[in-house]
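Work through the exercises below with the coordinates open. Each task is followed by a stepwise solution.

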Amino acid sequence: MVTDPISDYLTRIRNGMMAKHRVVEVPSSNLKKRMTEILYEKGYILNYKFEDDVFPAVIKIALKYHPATKVPAITNMTRISKPGLRHYVGADELPRVLNGLGIAILSTSKGVMTDKEARKEHVGGEVLCYVS
């Protein structure tokens, strides 16, 4: 049993990048699905596929690398809010990752979104992770 599914999700992607894997399989949940969609929208992963017909349901994530140098698109993924210490921010205290070059993924009352979307909606929430 995994005590922190979000850390497991981030670690699987991080380990896949370090090992130069093309595809990583992650156990599925609604939160992880939305985080995967955000990573795809922001260009950090190449593609994804939700496989709900198998048990347990999985998310297949195609990792993205630079074509010439084979450098991963994701250089850093850091878990911020942990089960032992949750990290909440208000709408006025939203973090900026690498001065706007990276993203922070937040869980808000209006759903899971990036820091830029939360600024636009003027909502705060739990900071799940930083991606750059």
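This is a predicted model: local features need pLDDT of at least 70, side-chain atom pairs count only at pLDDT 80 or more; totals for chains, interfaces and linings use all residues.

**Exercise 1.** Find the salt-bridge partner of Glu25 and state which parts of the chain the pair ties together.

Solution. 
- Step 1. A side-chain nitrogen of Lys or Arg must lie within 4 Å of a carboxyl oxygen of Asp or Glu.
- Step 2. Glu25 belongs to strand E1 (residues 23-27) and Lys60 to strand E3 (residues 58-63), so the bridge ties together parts that are 35 residues apart in sequence.
- Step 3. Glu25 has 44% relative accessibility and is partly exposed; Lys60, at 27%, is also partly exposed.

**Exercise 2.** Is Glu126 buried or partly exposed, and what is the state of Arg86, its salt-bridge partner?

Solution. 
- Step 1. The side chains of Glu126 and Arg86 meet at 3.0 Å, N to O, in a salt bridge.
- Step 2. Glu126 is in strand E8 (residues 125-131), while Arg86 is in the loop between strand E4 (77-79) and strand E5 (88-89), so this pair ties together parts that are 40 residues apart in sequence.
- Step 3. With 12% relative accessibility, Glu126 counts as buried. Arg86 has a relative accessible area of 41% and is partly exposed.

**Exercise 3.** How many salt bridges does the distance rule give?

Solution. 
- Step 1. Apply the 4 Å cut-off between side-chain nitrogen and carboxyl oxygen.
- Step 2. The count comes to 11 salt bridges.

**Exercise 4.** Give the volume of the largest pocket and describe its lining by residue and by class.

Solution. 
- Step 1. The volume of the largest pocket is about 180 Å³.
- Step 2. Its lining consists of Arg22, Val23, Leu46, Ala62, Leu63, Lys64, Tyr65, His66 and Lys70.
- Step 3. Sorted by class, the lining holds five nonpolar, three charged and one polar residue.

Technical notes: Residues are numbered from 1 along each chain as its sequence is written. Side-chain values use heavy atoms; hydrogens and water are left out. Helices (H or I, at least four residues) and strands (E, at least two) are DSSP runs, numbered from the N terminus. Buried means under 20% relative accessible area, exposed over 50%, partly exposed in between (1.4 Å probe, protein chains only). On a 1 Å grid over the protein atoms alone, a cavity is a set of points where a 1.4 Å probe fits but cannot get out, and a pocket is an open set with protein on both sides within 12 Å along at least five of seven lines; lining residues have an atom within 4 Å of a point. Grid points are joined across faces, edges and corners, and a volume is the space filled by probe spheres set on the points. Ala, Val, Leu, Ile, Met, Phe, Trp, Tyr, Cys and Pro count as nonpolar, Asp, Glu, Lys and Arg as charged, and the others, Gly among them, as polar.
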